[in-house]
Structures are given as structure tokens and as C-alpha cells.
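Welcome! Open your viewer, get your selection tool ready, and follow along stop by stop.

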Amino acid sequence: MRIDIAGWSTSGLRCPDVTIDLIGPGSTVPKVTLLQMPNGTGKTTTLEMLIATLSGVATLWDEKTVRSYRRKGDERELGTFVVSLLVDGRQLSIELVLDFEMGVARYRTTNPGSGGVVQSWQPLPAVRRFLAKEFLGLFIFNGEFAARLLDERQTAADDAIDALCQLYLLNEIGEFVEQEWSRRTKQAGPKSDNALTRLRTQLDNMTARRATIAKARVKAEAQVREIAAEIAELAAKIEERLGTGRSTREQFNEAKIEMTRTVGALSIAAGNAMQALRQPLAIHPSFATSLIALKDNLDNLRLPENTSAQFFNELLEEDECICGREMTPGAKHEIGIRSLRYLDASESGVINAIKQDIGDFTAASETESPEERLSQAMAVLGTARRDQKSARQTVNALKQKLIDEGDEELFAWQQQLDKQTKLHGDCTQLLQKIDADDEKDDSAEPWSLKLIDKKIKEFGGKISEITETVTLRKQTDVIKAVMARTTELARSKIKAELIDLCNARLGKVLANDPLTIGRIDRSIRLEGQGTGSTAQVLAAGYVFLMSALRRGNNDFPLVVDSPANPMDMGRRRRIGSLIPELCSQFVAFTINTELPGFVPALADSTDEIRYLTMFRRTTGTARLLAGLPATGVSQNDYSVVVEGKDYFMSFDVTDEEDD
Amino acid sequence: MAYFRLRTDAQSWFSEIADSPPFRTKFDIYYLCLIAGLASGRAIELTGTAHPASDLVEKFVEDYRPASRLIIGLLVTAELRKSGIDVTEKAQVRALFKRLVDSESPNSLTDQGMRRLNAYASGGYEYLAEQRDMKPYTAEEFIQGYTALIEGAVEKLAPI
């Protein structure tokens, strides 16, 4: 599917009333549209309205949020934002109306090809999945979003892959077969009504419970990541503050060094103690006593018959015995009989070895015995634990002293750190509970996903038996398992391909300061470095996003506010030249300061580029009206839009000029 | 093929300390449970669904290979004690060896031998969990107290 934005219009909102037509004089959407808007012209509001209008989320807004979009001093009761899309060339228009008096939002959808005008947010089902708020956020965003892809606390990169490559479709197949099975079970005869109803209720409850717990897991996992980052930041801030003072702080620093030393010593001591424990004879003398008794009472050593009988057989063929004497018939006869005394069952080999080891390990030695070694390691461990505890207490006491000395901000940080540490522990515990595989089956509301899945399967199995859909149930399970595994494999394969593609492109974009993506684990992880510079991160984010956009079999527009602002000239040029080949429609809200480098590179890479310049009509911008070109200008009481490269390139307003 | 198996509740009990040094593999946890089981003579079979467990490895891991035969020897002595067989009763001792030991097996144990070893690890976990007020939160503290727990287990064990 290809989605293009044909344009939008706005009235009565915080951003100036304006109509932006992205098709313009041609009949097709140009590859690149640059819309220059000085700061304060409503770029952020426009982005928010684009997402709100397309996603249908505004009906959930509270009155305050609705009214927050009203322009100051504007008496109009309604604000509207209309977005026109082209979906595979067919028009779709969605209108968001904000009623400032009532504090509510409502929608109107126009599908000229099918259904006409509907007084609600009703895009066709095939389009709807691409208009989810989370999905829209992948192609309508401000420049900072690209950087979020590399933020370890975010899951943006993983989400982008799932959404853009439509992996959710595999999940939908699983859901479809489940629904089909459920539908079939409902056709069961009256003979089983009571039991069946009860089982269905149990299955429905458990399925709902699973959804709740799975949601809680996602939330807890995100919280753990975010809180861990916050804890690290707070701890670093506290440490930095504590390290920049005099006297008490000097003592504190010394105490911290001592604590690091004791932590290291404790780790070594524990390692040595564990190593000594790996020798069982060290742990208790009774072990050696019992083993020696066992050894002393075992038969004399014998050879395992299965591996040793051949030795005697071959010896009987020799001319001489192993003692050097001639092998006479008498000697052969005797050896044949006596060899049986030395042969035994197959386990003899192990028994011999056990005897040997017991003998070796319990023999008196001039070096330390295992028991002595363990005893010494335990003594060192005890000392190391005491030292570490004492060092930690000193650090805590000095930290408290610093806080008591009046550093209120430090105190607040410490309180926040304690609070977040507790919250982190709670979330971790919740995750453990959800991931546990040993929860007892004694509650109607279990926490463990494994147990819930087991119960869902049990209820499903029983329903299958009653409704005689056992085979269908098995087939359903197989399809669901195949879909789950396919999703896993596809995600991992797509990730690997994307990493290769991105790294090849990054080699070009960041030729002078190369950066490589190592893996995608929720966010993009760079090879061999925690994070890059802001500009590097932004470049890597763009390259990833655009590669992912092209990887799915869909074309979406990329609408970006301030796409090149934090980049230096070289990167602007390289990103600018890549964009036209990476997406089907690129709409950028820019200001004049980010044009150098970026715009010429874009212009060199494609002929399909439109230049629009927009500003508010205020007394502050009245001077600009005299300099408007003769053609390509559309204006109303609130704004002016000018089409054309010359005006675009010469426009020198960075910030909106008020009255 | 018989595997070393550790109860899932034992894995949960050790979850705060099992995945970081000084422990190198899950077998360390298994071993500490096993020694407690052998010392206390407590063996709880992992049959049925009462004690879910998961497979660890098939062979003794590198760290325990030097002591593997001593561990098998301790299993034999524990089983002798449990069966009331005196170590001097050679025929019965040999019969027991035959049931527990298999030189062809990658871990030198028969399936029954492995089942019994896992039973002692299972019983050992229960012994450790009973002796402590709470699950271990630091490896250092647990290790330091471990030998005392084993000492207690041996003391409580009635002589044959």
C-alpha cells in the first residue's frame, strides 16, 4: 500500500489558518516538499494535529486538552483540521473538529470511492492499521525522534520493525484461527450445554487475564528500563555532588575508593571459596572417611571384561609371555584359566577409577589438604565481608553527613533514588512473578504467564473434547505455534538484513567518522561505543528509519519537523542526498538556518521538489507583504503561503515576528 | 538419556545469586544442593508433577570433572546408608554399583544412578531452604554459611 499526504487545512486552532496543498500544479505528489515555517508558526501544533486527525485519538481527549488548541483571543467556537490522503491513488479525507465550548472532539471521514461521508473516524479497515498513533509516530515526527531510536530506554527500533514489516499480521492469523475454533465449538449440541458454558467462561476469563498480565509485563519491563536509567543518572549526580566538596567530601571520596577495593577483594575471596567448595572432600571430613571405607572394602582391582578380554586372547597367540618366558602349551592353558580372575563386569572400569581417585585424593600430602584450603578460603572470605560491610557503612555515614550538612538538593536526589530503587525492585519482582515457571495452580487469578497458558490450553482441550473439535484444536495450536515461530525468525532475519543495509549506508553518510550498528535490541545498539554524538545518532536514526520504511512492502510519507537542525554541513549533505532514494514522499518543516547543505543536496538528488514558504500575517510580518512575488501566493487573514524556490531560498525570517 | 536435573523451585530460590560470580554455571547450584542432600541423606525423587525440574547438562561440567568420581562414590555411600547395607557386605555393594554405575554412560551413571543423584540434589535443596529464614541474596553470605549447614546435616544424620 502507498499512502501520500495530499495536503491539509486548518482553521480556528493555535496554528494559523492555512491550506497546504502538497500536490500543487502537478497531478502527482512530488517526492520532496520543503515547507519553510519560522519558529512560532505552529510547526509542533501542525504535527500534533496531523497525528490526532489521522489516528482518531482526539475523542479520548479531556476538555482541557481540547481547549489547549484554541488560539488566544480567538472567539470562534470550533477549530478544525482536515487531512487529505491518497491511498494507492484514491482520496481519503479525515476532518477533526474541536468544539472549544463543549470541550469535545469529533471526526468526519470522507471515502469518495466507498461509503462517502461518515460522521466519525472511519477510514477503511485496510488503511486503519497504518493510522494507529504509534505507527504514525514512525513517519510523522520531529527530528528528536530519530535519536530516540538509539536510546537504550526506548523500544522504538523494535516497534518500528514490527510495525513497518507488518509482523502483527502473523499474530492476526493466530487470532483468526483461534476465533474460528471458538466459533466451531459454539455449534456443539445441547447435550453439553452446562459444562461447556462453564468451561467457556473459564477460558474467556483466563484469556482476558492473559491479556492483562501480558500488558502489565510490557509496562513493568519498560519501567525497569526507565527506572534503571534514572537510578544510574541520580546515582551519578549524587556521586558527582559528593565528590566536589571539601573535608567530609574528601573523606567520602577516600571511603568510596576503599569500598571499591573491598568489593574487589570480596569478589576474589568468594571465587576462591567457591573453587575450594568444588572439591567435596573439603566440605566435611565424614565424606573422606566414608569414601576410604568404601575403597578399602571394594574387591581387588579388576579389568572390565568387555574391553580387556581381547588382551588375554591375543597374548595366548604370542610366542613369549609378557614376562619374557616362552609361551608353552602349559603356560597358555594356565593363563587362559587365571585370566578369568582378573576380568569382571563392565562397571569395573568406573569402580577402579573411583578407587583410584579416592586413593589419590585422600592420600596424605605435604601440600595443603582440600579441607585446609577451604578453611583458609572461608577465613579470608569472612574478613573480606567484614571489610566490605565496614567500608559501605563508612560511605553511607559520610553520605548522610553530607546531606545533614544542608545539601537539600542532594537530600531530594537521595530520596528520589531510594524511591526509584524500591520501585525498580517492585517492578523486577513483578516481572519475576510473571515469568515464573513454578507458580502453584491454586488461584483463580494466576500471575505466571506459563501457568496461564497451561490453563488456557487445558480449558481449550476440554472444550475441544466436549464439542468434538479435538483435531481442529490441534490444528489451531500448530498454526499458532508456526506463526509465533515465524514472527521470531522473521524479526531476527529482518534485523540482520536491516543492520547490514544500515551499516552500508552509514559507511557513506558518516564517511569521516564511521559508526556501525552492532545489534538491535529494543533500541539500536552501536558497535563498540555507548552512543555517538548528537549528529551521529540522528544520522544513524534516519538511516535506520528510512531503511525500515523501505523494507516493508508499503510506502509511507515521512513528515519531519527540523530534519537537519543539529547536523553539521557534511552530514546534512549526505543525509540530504539519501532521502529521495529512501522514501516515496518527504515533507520537511524547516527554518532558514538549516537550509545550507541540506537543501542543495536534496535538490541535486531529485527533480521532484516543491518549495513552500509560510508565515503568519501579523503587524510584525506586514513588511514582508510588499516583497511577495507576483505569482504562487495564497493568503488569508491569518497566513501567507508562497510557492517557489527563489522566495524560499531568500526568505530570511528565523523566528516569527509578532505585532 | 539421563540428565542432571534441578528443580525449578530451587532455581527460583537461588535466582538472586545464581547468575553472577562466583558461580560459573547452574551446575554450581546443583552441586551445592547435591552435597546438602548427600550430607543430610535426604533424597526426593523428581517423579510426577509434584516437583517440576529442568534439564541442566548430560555430563559433569568442566569444573566438576576432577571430582566426578568422588561424587559418584558419595552417592554410593549415601545409598548404602539408606539401604542399611554395611560397606563390608561386598556382594551387595557390588550389586549396588551395578545398579548405579555404567562405564559406557557419558556421566558414568545408569539412568537409575542419575535419578538418585537428582533425588539427592532435590532433597538437598529442601534441606537448605528449611535451614535458612529466607532465600539467599548474596553469594558471599550463602557460601560462608554453607559449610555450617553441611556440618549440621551430618550431625543430624543417625549412625548406621
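How many salt bridges does the rule count over all chains? The count comes to 34, where a salt bridge is a side-chain nitrogen of Lys or Arg within 4 Å of a carboxyl oxygen of Asp or Glu.

Before we move on, some ground rules. This is a predicted model, in which local features need pLDDT of at least 70 and side-chain atom pairs count only at pLDDT 80 or more, while totals for chains, interfaces and linings use all residues. Residues are numbered from 1 along each chain as its sequence is written, chains are lettered from A and ligands numbered from 1 in the order in which they are written, and side-chain values use heavy atoms, with hydrogens and water left out.

**Stop 1: a pair between chains**

Select Arg278(A) and Asp28(B). Their side chains meet in a salt bridge, 2.8 Å from N to O. This pair crosses between chains: Arg278(A) sits in the loop between H9 and H10 of chain A, and Asp28(B) sits in helix H2 (residues 26-40) of chain B. Helices here are DSSP runs of H or I with at least four residues, strands are runs of E with at least two, and both are numbered from the N terminus.

Across the interface of chain A and chain B, the rule finds 3 salt bridges.

**Stop 2: the whole interface**

Show both chains. Here 43 residues of chain A are in contact with 46 residues of chain B (contact means heavy atoms within 4.5 Å).

**Stop 3: two helices of chain B**

Select helix H5 (residues 111-131) and helix H6 (residues 139-156) of chain B. They pack at an angle of about 110°, with their axes 11 Å apart; axes are lines fitted to C-alpha atoms over the stretch in contact, and angles run from 0 to 180 degrees between N-to-C directions. H5(B) is therefore roughly perpendicular to H6(B), a label for angles of 65 to 115 degrees. Among the residues making the contact are Tyr127(B) of H5(B) and Phe142(B) of H6(B).

**Stop 4: two backbone details**

Zoom to Pro21(B) and Pro22(B): a cis peptide bond joins them, with omega about 10°. Pro22(B) lies in the loop between helix H1 (8-13) and H2 of chain B.

You will find Asp88(A) in the loop between strand E4 (78-87) and strand E5 (90-99) of chain A.

Notes:
Parallel < 35°, antiparallel > 145°, perpendicular 65-115°, else oblique.
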